[in-house]
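Please read the points alongside the model.

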Amino acid sequence: MPAVWIILQHREGQLHRMAREAIAAGQQLAEITGGRPSAVLLGHGAGDAATEAAAYDLERVLVADHPALERYTPGAYVGALAPAIAAAGPAYVVAPHTYQTVDFLPRLAQATGAALVPEAIAFEPGDGGLVFRRPIMEGKLQARVKVKGEGPVLLSVQSGAFPADGGRAGEAPVASLEVGEIAADREILGVEQVGGDQVDLSKAEVVVAVGRGVGGADKMKPIEELAEVLGADVGASRPVIDNGWLPRDRQIGSSGQTVAPRLYFAIGISGAIQHLVGMKGAGCVVAINKDPSAPIFGVARYGLVGDLHEIVPALTEAIREAKG
Amino acid sequence: MRIAVCIKQVPDTEARLRVRKDGLWVEEEDLPFVINESDNYALEEALTIAEKTAGEVVVVSLGPERVKDALRKALALGASRAVHLAEEAFQGGDALATGRALAAAIAGQEVDLVLTGSQSDDVGYGATGSVIAGHLGWPHAWLVMGLEIEEGGTSARVTREMESGMNEIFRLQLPAVIEVQAGINHPRYASLKGIMAAKRKPIERPSPADLGLEASQIGAAGSRLEVLEVAFPDSGEGAEMLEGDAATMARTLVEKLQREARVL
């Protein structure tokens, strides 16, 4: 029977939200393939997270406990997982698509001769095996892919693709996973907060968010005017921040802040999944984009196709008029 | 230091996309191509380090003939030579197959460091650099937001992005593969002098055999992923699209936000 392994990410004795999503995904995948899912947890003294995982309907919770696993490094993680996968031969290994997982999963695939399906958002049975769906072109398109050849399949599941509370509860025995000689390949020096959190967008009622389409720091003035007339906070998608057009504390998305305003303007934002996860709690979404096929229109209530440099000033004017 | 930079040429993220007739990829005719965004930052990082250490940058890319433009641009920016894996056998691979070929190309270059972007803006596997590191047996780091080569050039201080606004800082032994995140620096523009000089810089085009690779290990044949279809996603109910010129759309929107959605 093809076994399914689920690699769990945890921190300070708790499962990462996306680890719970990965459990739900792994259980679904096991149902399709007819196997049983087991969870794998790497750490040192991570008993609390293991206990949390054991409350799911799983074959086993396998815990790899080793001093070198106390802090994550790809060297120690791949060193622990590669021989275990070779020995146990799971058909599928499911992991959350987190910054930690994406760091080591490709190396694990390379080390074990596995196939790698990054950022899966869905899977379904197809001819000759599972068919996976994943975003390409920054989410503007989706690809359906299948896996050929022999050996395990490693997949990471995108945030929000499977519900964190969708995992089936149960009672799983906790067992230990033997770890051979492993070593960290990074000398950890510390962690730092990025740029501080001077701006808290999480409680904003109205957000005007801009994307790459705005075209430059010198073109922000009309955006700021729109925000002002709306009494809104200005946010941005990642490319705007990376280009230095706005400070990093304005970033909305998987590596930035999460917002849930009643009104959200997405201006020149195509709608990559990394941005959508940061604003999916928004009430009414207005999208302004020159590309009518931009994925942002799929999640918006109102769509305006055209040149944002014309639409934004017109909108500011219309709101001013309406407010008298 | 001698640094290899792996770049990928991808469709301009601003370009309008169409699905190719066979449904397996986008229509490339009339599609503008550019150097992948995070690879551009990797190139800048490499050029800066090479300048400081009196070193050189070798730029490496896998892709069809059009990729020559991206390599010329990298040469114009300051790379001293290029390696282009252009043969058909190299093409159409997943991250594992592409990483294997790139690692083989880099192995012969005697470099001290490999830099590349964290993720391509087209297929977005976010994996190729790490696979290269696996083949070379070197440490790697993905999503790097800060890189400092330490004295002696045998180690690097790396700042890596984690979730929830935190960075992790660690030391890596060199040689290593560093996959940088967009935003790590400010990429330069090519000068006219650079563009002229680039015309005389060499682009090497090794065959799979030159790199000791079998055709079955690389490209589509050496991949375990097979694309069945690419398509625009179902947009669910999708947005109500407003009609008219900018002023008309603006007035309609304000009315709808007030009366329909009642959020204004």
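1. Contact here means heavy atoms within 4.5 Å. By that rule, and leaving aside neighbours within four places in sequence, B:Asn185 is in contact with B:Tyr41, B:Glu44 and B:Glu45.

2. Some ground rules. This is a predicted model: local features need pLDDT of at least 70, side-chain atom pairs count only at pLDDT 80 or more, and totals for chains, interfaces and linings use all residues. Residues are numbered from 1 along each chain as its sequence is written, chains are lettered from A and ligands numbered from 1 in the order in which they are written, and side-chain values use heavy atoms, with hydrogens and water left out.

3. Back to B:Asn185. The residue sits in the loop between β10 (177–180) and α5 (192–198) of chain B. Helices (H or I, at least four residues) and strands (E, at least two) are DSSP runs, numbered from the N terminus. B:Asn185 has a relative accessible area of 12%. Buried means under 20%, exposed over 50% and partly exposed in between (1.4 Å probe, protein chains only), so B:Asn185 is buried. Its side chain reaches the backbone oxygen of B:Tyr41 at 3.0 Å.

4. Now the chain interface. Chain A puts 84 residues in contact with 82 residues of chain B. The buried area is about 7,400 Å², with 57% from carbon and sulfur atoms. Buried area is the accessible area (1.4 Å probe) that two parts lose on being put together, summed over both. In chain A, the residues that lose the most area to chain B are A:Tyr99, A:Met137 and A:Tyr302, together 10% of what that side buries.

5. Nine salt bridges are counted between chain A and chain B. The rule asks for a side-chain nitrogen of Lys or Arg within 4 Å of a carboxyl oxygen of Asp or Glu. B:Glu229 forms a salt bridge with A:Arg144, the closest N and O atoms being 3.2 Å apart. Helix α4 (residues 99–112) of chain A gives the largest share of the side that touches chain B, eight residues.

6. Finally, the domains of chain A. An automatic or database domain assignment sets the bounds: domain 1 is 4–176 and domain 2 is 201–323. Their C-alpha centres lie 34 Å apart. Between them they bury about 730 Å², 52% of it on carbon and sulfur atoms. A:Tyr99, A:Glu138 and A:Lys140 supply 56% of the area that domain 1 buries against domain 2, more than any other three residues. One salt bridge is counted between these domains. A:Glu138 forms a salt bridge with A:Arg212, the closest N and O atoms being 3.1 Å apart.

Definitions and conventions. A polar contact is a pair of N or O atoms within 3.5 Å; within protein, one must be able to donate a hydrogen and the other to accept it, and residues adjacent in sequence count only if both atoms are side-chain atoms.
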